[in-house]
Amino acid sequence: MSIARANRLTPYLFLAPAGAVLAVALFYPICYMIYASFLDWNPSQRIGEADFIGLRNYTKLFSDAAFRESMWVTIKFSIVVVTIEMFLGVGLALLLDRNIRGMSVLRTLFILPMMIAPIVVGLMWRYMYHPTVGIFNRTLTDWGFDPIPWLADGDWAFASIVIADIWQWTPFIFILSLAALQSLPASAIEASRIDGASGWQQIIYIKLPLMLPVLIVTLLLRLIDSFKVLEVILVMTNGGPGLSTEILSIRINRTASEFRELGEAAAMSNLLLIVLLILTFAMFIYNKAQELRAQRMRAVEEEA
Amino acid sequence: MPEIRLQHLRKDYGALTVIEDLNLEMADGEFTVLVGPSGCGKSTTLRMIAGLEGVTGGEIVIGDRDVSQMEPKERDLAMVFQDYALYPHMNVAKNMSFALRLARMNKADIDKRVGEVAETLDLTAYLNRKPAELSGGQRQRVAMGRALVRDAGTFLFDEPLSNLDAKLRGQMRAELALMSQRIKKNMIYVTHDQVEAMTLGDKIVVMKFGEIMQAGTPEELYRSPANKFVAGFIGSPTMNFLNAELVDEAGTLSAKGDGFSIPLPDARKGALQAHRDRNIHLGIRPSSFAEGPGGLKMPVILSEYIGAQSVLISELGGQRVSIEINTVAPIRAGEEREFTVQGDEVHLFDPKTEAAL
């Protein structure tokens with residue numbers, strides 16, 4: 001074997017272990033899941049014993065009102081939380097992007113919720129939402145208001161999981177936005193002050209447009225994440241009351257463990273996977289487009 | 001066009017005092033250059049005038065308004081930044097018209113103004129380009145254009161040419177000089193380059209450690225520097241400094257050093273009497289040397305032939321000296337030549353205070 005050939009192959013040699021792990025941990029389960037989605041499979045059967053039923057799991061899903069409801073809840077949840085989190089996170093970043101004494105402590109505090117394990121977050125909020133001993137209702141009754149059925153009423157329960165998610169994930173957007181803000185060219189912002197921009201005008205015309213690339217990636221990351229959320233809601237409401245907070249991942253979990261329909265659960269997982277793939281692909285396309293633009297600009301610059 | 005006055009201006013960063021007590025007046029339509037080595041407070045001063053830095057004490061008066069507590073936009077000024085500070089997401093036309101759009105000027109007027117300025121700066125072809133698609137020189141012109149469309153009372157420049165290569169810098173310097181002649185506004189220009197200062201300024205303010213060392217016309221600063229720092233800072237190649245003693249030789253005061261003695265004109269005798277028989281620093285500009293018989297015999301250690309001129313590195317009394325003379329043919333290193341210096345062209349400084357004598 002020639003040296004040149006050996007050199008060409010070296011990178012693949014180093015990549016091989018990672019490739020092997022990916023194949024075992026990712027590729028194999030996905031294939032398994034895709035195959036399972038074509039089966040009428042009960043957990044008591046071995047996979048070889050299950051009947052092959054083609055696309056019937058999928059057609060069943062689309063006519064299943066509960067699944068459609070769950071899909072709707074998931075989409076509603078994602079859109080609501082990500083929208084509010086984006087506004088709050090970016091807003092906070094704009095507010096706290098200054099040098100005030102103690103700001104670094106404050107920033108660290110803001111980041112804490114994100115670091116707590118999701119199960120713990122779920123438990124914590126469940127206790128706080130508790131109808132009688134929870135801090136919210138105790139405070140409300142102390143002040144003379146009626147207690148709120150936080151987790152007992154469908155609409156309130158949805159609002160409750162939204163609040164918990166916002167509490168936990170706004171910091172993520174906050175940190176990324178703050179990093180984006182602090183890497184903006186200071187002189188462009190100073191120039192806008194000289195040009196007569198007020199604080200708001202600086203934000204709208206200079207800061208937000210310049211932050212946009214980071215904001216778009218953040219948005220997509222958060223969307224992907226919010227479609228996959230499970231533990232916090234599982235602990236808080238387990239999808240109830242009724243189907244009001246039954247997001248897709250809970251539905252999948254129940255279909256597999258409670259309804260014992262492994263094939264159907266696999267089909268659902270595949271649909272969720274497709275949604276996530278579309279989002280991931282959107283992010284990939286966006287990144288690629290940015291790269292191409294940067295490349296084109298560099299080319300023009302070198303020409304000039 | 002208002003005059004600008006800085007009165008007892010002070011700037012602290014925490015416990016660090018950058019500028020202690022700065023006083024400066026700039027007349028109507030004057031081109032003032034703040035020049036000095038880095039860290040001398042020139043940029044801080046400019047940024048305080050712009051309103052980008054708060055003042056710790058003192059006043060900035062433009063016309064008859066004390067603007068020191070006002071927002072930048074209330075001060076009626078335009079600024080060109082060292083890194084151009086263009087808005088990366090806006091094209092050239094949008095960059096230039098940003099201030100006008102914020103001021104809600106109507107679109108036809110904006111287009112007209114931007115069009116005119118773009119024309120004078122040769123930018124018409126690039127109006128739809130983003131800053132990233134422009135060369136350094138073009139970006140620099142856009143930054144200039146953005147300031148010009150504003151029609152502000154005062155223009156501030158923060159080292160606007162230092163990011164350009166030498167050739168482009170020369171061109172832009174000439175364009176700037178032309179522009180300042182044409183529009184005759186208050187201009188305050190910060191640079192660390194004394195050539196820029198000399199060629200552009202009506203008035204030059206030399207700063208060091210947050211203090212003004214001397215303010216005056218380029219000629220004043222070159223001909224009669226107030227101290228050794230200004231003498232060494234202004235002029236290129238740099239002034240030579242030699243240790244010498246002021247001695248009375250048969251009724252004529254001379255600056256006498258190791259291997260040389262330069263008689264001083266009688267006109268300076270009165271002022272210098274007090275320093276007789278004391279050590280002084282002697283400053284001689286490289287261009288004050290002239291080649292001629294009967295002068296000091298000096299070796300040519302290094303010869304830099306530039307064409308019409310040569311800069312020679314030589315030695316006088318064990319001290320390095322540079323000499324600038326007109327040349328026809330290159331002078332070779334290793335030769336020994338004779339140079340004369342006129343007594344009325346030398347500068348004398350007090351070795352302790354460094355003030356000119």
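Two residues are in contact here if their C-beta atoms, placed from the backbone, lie within 7 Å. The model is predicted, with local features needing pLDDT of at least 70, side-chain atom pairs counting only at pLDDT 80 or more, and totals for chains, interfaces and linings using all residues. Residues are numbered from 1 along each chain as its sequence is written, while chains are lettered from A and ligands numbered from 1 in the order in which they are written.

**Exercise 1. The side of chain B that touches chain A**

Task: Find how many residues of chain B are in contact with chain A, and which elements give two or more residues to that side of chain B.

Solution. 
- Step 1. Start with the counts: 23 residues of chain B are in contact with 18 residues of chain A.
- Step 2. Look for the elements that give two or more residues to the side of chain B that touches chain A; they are β6 (77-80) and α2 (92-102) of chain B. Helices (H or I, at least four residues) and strands (E, at least two) are DSSP runs, numbered from the N terminus.
- Step 3. Sort this side of chain B by class, which gives 17 nonpolar, three polar and three charged residues. Ala, Val, Leu, Ile, Met, Phe, Trp, Tyr, Cys and Pro count as nonpolar, Asp, Glu, Lys and Arg as charged, and the others, Gly among them, as polar.

**Exercise 2. Chain B as a whole**

Task: Describe the make-up of chain B in helices and strands, its span and its domains.

Solution. 
- Step 1. Count the elements: chain B has nine helices and 20 strands.
- Step 2. Follow the C-alpha trace of chain B along its principal axes, where it spans about 80 × 50 × 35 Å.
- Step 3. Divide chain B into domain 1 (4-228) and domain 2 (240-349); such bounds come from an automatic or database domain assignment. The C-alpha centres of the two domains of chain B lie 39 Å apart.
- Step 4. Turn to burial: 39% of the 357 residues of chain B count as buried. A residue is buried if 20 or more other C-beta atoms lie within 10 Å of its own, exposed if 12 or fewer, and partly exposed in between, with C-beta atoms placed from the backbone.
- Step 5. Among the contacts in chain B with a separation of 6 or more, 66% come from residues 24 or more positions apart.

**Exercise 3. Helix α3 of chain B and its partners**

Task: Work out how α3(B) packs with α2(B) and with α4(B).

Solution. 
- Step 1. Take α2(B) and α3(B): they pack at an angle of about 135°, and their axes are 10 Å apart. Axes are lines fitted to C-alpha atoms, for helices over the stretch in contact, and angles run from 0 to 180 degrees between N-to-C directions.
- Step 2. α2(B) and α3(B) are therefore oblique to each other. Angles under 35 degrees count as roughly parallel, over 145 as roughly antiparallel, 65 to 115 as roughly perpendicular and the rest as oblique.
- Step 3. List who makes the contact: B:Ala93, B:Met96, B:Ser97, B:Leu100 and B:Arg101 come from α2(B), and B:Ile110, B:Arg113, B:Val114 and B:Val117 from α3(B). By class, the contact of α2(B) with α3(B) has six nonpolar, one polar and two charged residues.
- Step 4. Now take α3 (residues 107-120) and α4 (residues 136-150) of chain B, which pack at about 135° with axes 9 Å apart. α3(B) and α4(B) are therefore oblique to each other.
- Step 5. In this contact, α3(B) supplies B:Arg113, B:Val114, B:Val117 and B:Ala118, while α4(B) supplies B:Gly145, B:Leu148 and B:Val149. The contact of α3(B) with α4(B) has five nonpolar, one polar and one charged residues by class.

**Exercise 4. Backbone details in chain B**

Solution. 
- Step 1. B:Pro237 is found in the loop between α8 (228-233) and β11 (240-249) of chain B.
- Step 2. B:His8 is exposed because it has 12 other C-beta atoms within 10 Å.
- Step 3. With 19 other C-beta atoms within 10 Å, B:Asp76 is partly exposed.
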